[in-house]
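Hi everyone, thanks for making time for this. I'd like to walk you through one structure, so let me put it on the screen.

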Amino acid sequence: MAISLRNLSVDYSLPQGTAHALRGVSLDIQKGELLGLVGESGSGKSTVAFALMGLLANNARVTSGTATIDGKSFDLTKRNATASLRGRGMAMIFQDPMLSLNPVFTIGTQLCEVLRRRAPGSDRKTRVAMAEDALDKVKLGNPRRRMGQYPHELSGGMRQRVVIAMALLSEPALLIADEPTTALDVTVEAQIMREIIGLRDRIGCAVLLITHSLGLVTEYCDRLSVLYAGERLESGTVKEVQRQPGHPYTRMLFDCEVPIDRERHADASENRFTVIAGDLPDPRRRPPGCIFNGRCDVSFEACATVNPDDYPVGKEAQHSARCLRLLTP
Amino acid sequence: MTDAVAIRNAQLSFGETAALDGVSLAIPQGTCFGIVGESGSGKTTLMRAILGLQKLDQGEIRILGNPLVHSRAALKQRASFIQPIFQDPAASLSPRSRIRTLMNEVGTVLREPHAVMHERLRVILNRLGLPQSVIDKYPHEISGGQARRVAIARALLMKPSILIADEPTAGLDVSVQGDLLNLLQDIRRSQNITLVVISHNLAIVRLIAENAVVMRAGKVVEGGEVGSLFGSPQDAYTRDLLAAWPSIAAANTKR
């Protein structure tokens with residue numbers, strides 16, 4: 001087991017009260033595996049990444065949670081618990097690559113900086129060669145020229161490639177990609193995803209892909225976990241979850257996706273779209289029972305009072321969901 | 001019937017860059033027309049040109065048969081039949097005034113009595129599923145989805161015959177984007193509005209539009225009836241775009 005995250009809970013203190021952004025979230029990612037963490041706005045998916053990296057805002061507090069990375073355990077409730085892993089054991093790709101690149105340094109300087117930490121004792125020449133090689137591996141044309149350029153001289157897709165090259169150089173055990181392609185066009189998105197998969201294959205790291213796009217997850221991930229209002233509702237292999245969603249929310253999310261080859265009504269104005277009615281529960285006061293109860297289409301009395309455990313779905317051991325319907329169909 | 005919007009050979013450069021490079025298209029009245037393409041393809045510039053917010057270097061735009069004139073009076077007059085919904089609706093609401101103030105301006109422009117306008121607004125807010133109390137709020141007090149509805153309500157209040165929406169679903173969760181699209185579908189059916197949707201989301205345009213064009217680097221690379229455009233694309237770029245689209249069904253067959 002390369003990476004495991006156990007019982008992560010995070011609170012944000014806000015002027016209106018304490019918001020419970022995450023409640024007891026657990027994840028497991030094998031080495032060389034791509035796990036998609038899917039959720040809509042407010043589900044807390046980015047908070048998972050920030051808690052792992054130790055990048056939470058000042059008003060956030062980890063109330064429980066341990067991470068096991070490469071055999072070492074980290075108590076996430078302590079400040080800077082994973083500091084020793086940043087740049088070595090863990091790397092992160094953000095939605096906006098401009099945020100992870102320093103505007104006043106050249107690409108080359110920033111890549112070599114990674115190596116100073118990763119490969120101390122190597123001389124400058126080796127580091128430059130390694131950096132150029134990394135840029136070449138992520139298919140950024142003309143690496144020598146790129147080394148001397150500043151982030152603002154590159155396009156969004158090129159910057160994202162630089163950040164991936166950085167991750168490649170740091171050879172992490174866990175790569176976290178938080179909406180890495182959201183700001184990019186579809187054709188660039190496909191290229192960037194290929195680079196992330198290429199990086200995974202090269203260094204055999206575990207990848208946590210945080211996204212709101214089920215399309216991206218089904219296309220590229222091995223397993224997926226569904227997050228809703230700070231709780232994990234389902235996890236399993238992409239194939240199994242897609243074939244037989246264990247939680248109504250997962251099924252509804254899949255229904256809301258608009259496939260490019262969906263059947264089209266000849267009269268375009270007749271085409272309708274699926275919606276999940278209702279709103280997210282108040283993160284300050286969790287209602288009793290199932291967190292999805294208010295919006296569920298198959299709920300029954302017990303759903304309002306009993307908070308469901310994680311129950312197995314189907315025959316596959318790794319596929320589970322938190323829905324009482326799995327006990328009483 | 002005259003076309004709602006007809007563009008002939010529109011040319012526009014910003015410095016060295018050609019934002020529009022000989023764009024020609026015709027949008028029939030009462031239909032939904034999709035403009036798709038990636039960032040920098042000129043989609044939004046084209047929208048601004050149609051609204052008369054951006055002068056062309058060359059070429060001609062006709063709205064409902066009349067050539068577009070760049071004057072204050074013409075701009076004001078045009079507002080009564082062509083209305084935009086901008087990509088970031090929250091940014092087009094003034095942070096310092098309540099939604100009510102924004103809506104009242106519509107009454108001023110239309111020279112409509114206050115009570116009549118507010119009665120129409122009440123009906124529109126109902127249709128859009130917005131609480132009546134929303135007009136007493138400031139923009140920061142409402143959610144992104146609500147801000148988009150407010151922008152649509154404002155546009156509809158002007159009683160336009162043409163509605164241009166720039167990326168109407170950008171930044172919305174999948175669970176709520178359907179709601180907005182169903183709403184646009186309802187509006188165009190019940191009020192016979194010409195709807196122009198600018199989007200990078202091919203899957204959505206494919207379903208709501210009758211006709212569409214694919215833009216790249218200021219040019220229309222391909223256009224036509226949506227069924228055949230997406231069913232059997234002729235241009236290599238259109239095919240690339242479609243192939244790059246992450247598809248749930250494709251994953252099904254692959255695995």
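Before we zoom in, please keep in mind that this is a predicted model. Strand β1 covers residues 5–14 of chain B, while strand β2 covers residues 17–27 of chain B. Their pairing is antiparallel and runs over eight bridges.

Strand β1 of chain B also pairs with strand β4 of chain B, residues 58–63. Those two run antiparallel as well, joined by five bridges.

Staying in chain B, let's turn to a sheet. In which order do the strands of the open sheet of six come? Reading across, you get β6-β7-β8-β3-β9-β10 in chain B, and the pairing is mixed. The edge strands are β6, residues 82–85, and β10, residues 219–225, of chain B, and each of them pairs on one side only. On average, neighbouring strands of this sheet are turned by 15° against each other, if we ignore direction.

At the β10 end, strand β9 of chain B, residues 211–216, runs antiparallel to β10(B), with six bridges joining them. One of the pairs there is B:V214 with its bridge partner B:E222 in β10(B). Helix α9 of chain B, residues 236–244, packs on the sheet and touches β9 and β10 of chain B. The direction of α9(B) makes about 100° with that of β9(B). Then there is helix α5 of chain B, residues 144–157, which lies across β6 and β7 of chain B. Helix α5(B) runs at about 175° to β6(B).

Over to chain A now. Its secondary structure comes to ten helices and twelve strands. Along the principal axes, the C-alpha atoms of chain A fill a box of roughly 70 × 55 × 45 Å. How does the radius of gyration of chain A agree with that of a compact globule? For 329 residues, a compact globule would come out near 20 Å, and chain A has 21 Å, so the two agree.

Here is a helix pair for those of you who like packing geometry. Helix α4 of chain A, residues 124–137, and helix α6 of chain A, residues 156–170, have axes that come within 9 Å and cross at roughly 125°. That angle is why α4(A) counts as oblique to α6(A). The crossing is right-handed. On the α4(A) side, the contact has A:M130, A:A131, A:A134, A:L135 and A:K137, and these meet A:A165, A:L168 and A:L169 in α6(A). By class, the residues of this contact are seven nonpolar, no polar and one charged.

Last stop, the place where the two chains touch. Here 33 residues of chain A are in contact with 37 residues of chain B. On the chain A side, the elements giving two or more residues are α7, α8, α9 and α10 of chain A. Which of them gives the largest share? That is α8(A), with five residues. Sorted by class, the chain A side has 13 nonpolar, ten polar and ten charged residues.

That's my tour, and I'm happy to go back to any part of it.

Technical notes:
Residues are numbered from 1 along each chain as its sequence is written. Chains are lettered from A and ligands numbered from 1 in the order in which they are written. This is a predicted model: local features need pLDDT of at least 70, side-chain atom pairs count only at pLDDT 80 or more; totals for chains, interfaces and linings use all residues. Two strands pair if DSSP finds at least two bridges between them. Helices (H or I, at least four residues) and strands (E, at least two) are DSSP runs, numbered from the N terminus. Axes are lines fitted to C-alpha atoms, for helices over the stretch in contact, and angles run from 0 to 180 degrees between N-to-C directions. Angles under 35 degrees count as roughly parallel, over 145 as roughly antiparallel, 65 to 115 as roughly perpendicular and the rest as oblique. A crossing is left-handed if the near helix is turned anticlockwise from the far one by less than a right angle, and right-handed if clockwise. Two residues are in contact if their C-beta atoms, placed from the backbone, lie within 7 Å. Ala, Val, Leu, Ile, Met, Phe, Trp, Tyr, Cys and Pro count as nonpolar, Asp, Glu, Lys and Arg as charged, and the others, Gly among them, as polar. The radius of gyration is taken over C-alpha atoms; the globule rule is 2.2 Å times the number of residues to the power 0.38.
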